[in-house]
Amino acid sequence: MASPRLLPLLLVVAAACGDDGTASGSASDSNSGDTTTAGTTSTSGATGGDTVVPTTGDAGSNSDSESETGTPTDTDPTAASAVSASESGATETTAATVTDGTATADTAATTETTRDTTTDATTETSTTDTTTGCVDACEDGVAQCVGDGAVHTCGLGRGGCLEWSEPEPCAADQACQDGACVAGCVDVCDAGASQCTGGGVSECVDDPNTGCTVWADAVACGPGQVCQQGVCVIPPPACLDDCVFTKQSVPGDVDFYSVWGSDAKAVWVVGNSGTALYHNGVNWKSIDSGVGKRLECVHGSAADDVYAIASDGAVIRWDGLEWLPYVDLNPIWESNACLSVLGQEDLLALVYDENGEKQVLWRVTGGVKTQLAVYTPQAVFTPDGSKARTISLRAFSADDAFITADRALRWNGTNIVNMGAPNPSFGLWALTPQLAYAAASHSGIGHRWDGQAWKIVNPGLNGYLHMFAGTAANRLFGAGETQQGVAAIVAFDGIGWGPVATPADAKALFAAWAAPTGEVFAVGKAGTVLIGK
């Protein structure tokens with residue numbers, strides 16, 4: 001039987017036990033928030049089941065009571081601190097004095113459990129702290145390009161803020177544009193290359209929007225210079241009546257009706273059956289035009305912006321890679337047509353319509369056609385010689401153009417008016433609105449426009465003129481045929497006209513074009529192509 005002195009202590013220990021009478025080790029371990037050394041006394045020779053009685057101290061008794069009940073028994077600041085520390089899982093270091101090895105093991109286990117609990121609590125608190133004060137790096141759901149070959153998106157990151165994801169590469173045939181992988185563009189040229197465009201030089205550059213190469217706007221050559229093979233140079237003296245014309249060996253044996261080039265290294269010739277030939281300065285190559293009708297007129301603004309029109313009014317465009325359908329003017333009477341290019345995807349075109357009794361003028365921009373005017377003559381004639389009836393057109397602007405379609409006509413922005421040439425007029429060359437030449441229909445003569453009126457020109461050709469071409473007022477060529485159907489060329493040096501030698505086996509010439517660098521190209525019947533240098 002317990003002595004009277006031990007009875008109160010046993011009652012206190014019993015009150016600290018659970019319903020099953022077992023003491024709560026964890027409650028004892030989280031006893032106080034202070035880092036203290038509590039003296040723990042065990043009876044000598046006690047076993048693991050013996051009750052350990054804490055020694056009563058100044059603050060120890062209050063701390064035990066607060067931990068067990070969860071409610072402070074007074075307003076002592078030290079006691080309040082102990083409650084707060086216990087709730088947050090703070091660690092208390094407890095030194096236990098034991099004389100039994102079993103008790104020592106129990107104490108060690110209790111200490112390890114406390115460490116585990118403390119570690120978990122500390123980790124959770126640390127994770128929560130990392131989210132405090134972070135800054136969103138982007139807007140949720142937004143995507144943007146990483147270079148031109150990958151894309152990343154904005155979303156919720158591990159820290160709870162918005163951040164960019166890892167870049168996701170686009171497919172091999174795609175490029176990133178505006179935050180999305182799209183079908184890749186196509187390089188149209190080699191970076192750093194140059195070409196002649198109009199009277200200047202265009203360089204091949206990277207397009208900042210697509211990453212592919214494109215031709216930049218042309219930079220004009222200086223005074224007295226011309227563009228040759230992508231470089232501005234001062235040209236050597238150009239040939240005139242001393243030009244040596246050589247016959248070219250070209251694919252096909254059809255009649256050619258038009259020739260034009262962006263320079264002497266990029267020349268197009270078109271003719272019957274949709275034939276289109278390309279000259280790169282060395283060789284001739286046949287290129288599929290995609291049409292079967294006679295191509296009557298070819299003109300362009302650059303090497304990758306060239307247009308040809310068929311007798312049925314179908315216009316095709318060369319984009320530097322291939323000929324593609326562009327627009328169909330669709331006249332009722334499929335006879336003759338011509339066009340003149342003002343700039344990139346901007347041109348005027350003229351077609352015969354209604355049995356040749358009307359000439360209809362169109363403007364085409366970006367593939368969209370707009371009818372400008374209709375001219376209705378009383379009769380339409382054809383030139384003498386072997387050339388079929390043709391139209392010529394030279395546009396200076398959208399509101400000013402010369403036309404030769406039997407009559408010499410002018411589009412003034414409102415109407416097509418008759419310019420009153422003394423004879424039927426066909427093949428046209430115009431340097432400016434104040435200087436133009438047109439071939440007449442017979443007797444090897446032509447007309448010259450001086451800004452005020454047309455006057456007769458007689459180059460002394462015993463045959464028929466079909467086209468004029470030149471580079472200046474004092475360097476002009478007339479191409480045609482003799483009465484026997486053999487090629488004939490005459491030249492004007494600013495003072496007078498003279499004949500130019502041509503190959504004896506060259507047939508009638510229907511069209512001509514003079515390159516800025518001095519070469520002269522003349523084309524005509526049965527596959528005839530001449531180059532004069």
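## Lysine 525 and its partner

Lysine 525 is partly exposed, having a relative accessible area of 30%, where partly exposed lies between buried (under 20% relative accessible area) and exposed (over 50%), computed with a 1.4 Å probe on protein chains only. Lysine 525 forms a salt bridge with aspartate 255, and their closest N and O atoms are 3.9 Å apart; a salt bridge here is a side-chain nitrogen of Lys or Arg within 4 Å of a carboxyl oxygen of Asp or Glu. Because lysine 525 sits in the loop between strand S41 (520-524) and strand S42 (529-532), and aspartate 255 in the loop between strand S15 (245-247) and strand S16 (256-263), the pair ties together parts that are 270 residues apart in sequence. Strands (E, at least two residues) are DSSP runs, numbered from the N terminus. Aspartate 255 itself counts as buried, at 15% relative accessibility.

## Basis of the values

This is a predicted model, in which local features need pLDDT of at least 70 and side-chain atom pairs count only at pLDDT 80 or more, while totals for chains, interfaces and linings use all residues. Residues are numbered from 1 along each chain as its sequence is written, and side-chain values use heavy atoms, with hydrogens and water left out.

## Other salt bridges

The structure holds eight salt bridges, including one between aspartate 346 and arginine 363, whose closest N and O atoms are 2.9 Å apart. Aspartate 346 lies in strand S25 (residues 346-353) and arginine 363 in strand S26 (residues 358-365), so this pair ties together parts that are 17 residues apart in sequence. Aspartate 346 is buried at 15% relative accessibility, whereas arginine 363 is partly exposed at 26%.

A salt bridge also joins the side chains of arginine 407 and aspartate 406, at 3.3 Å from N to O, and aspartate 406 is buried, with a relative accessible area of 2%.

Technical notes: Helices (H or I, at least four residues) and strands (E, at least two) are DSSP runs, numbered from the N terminus.
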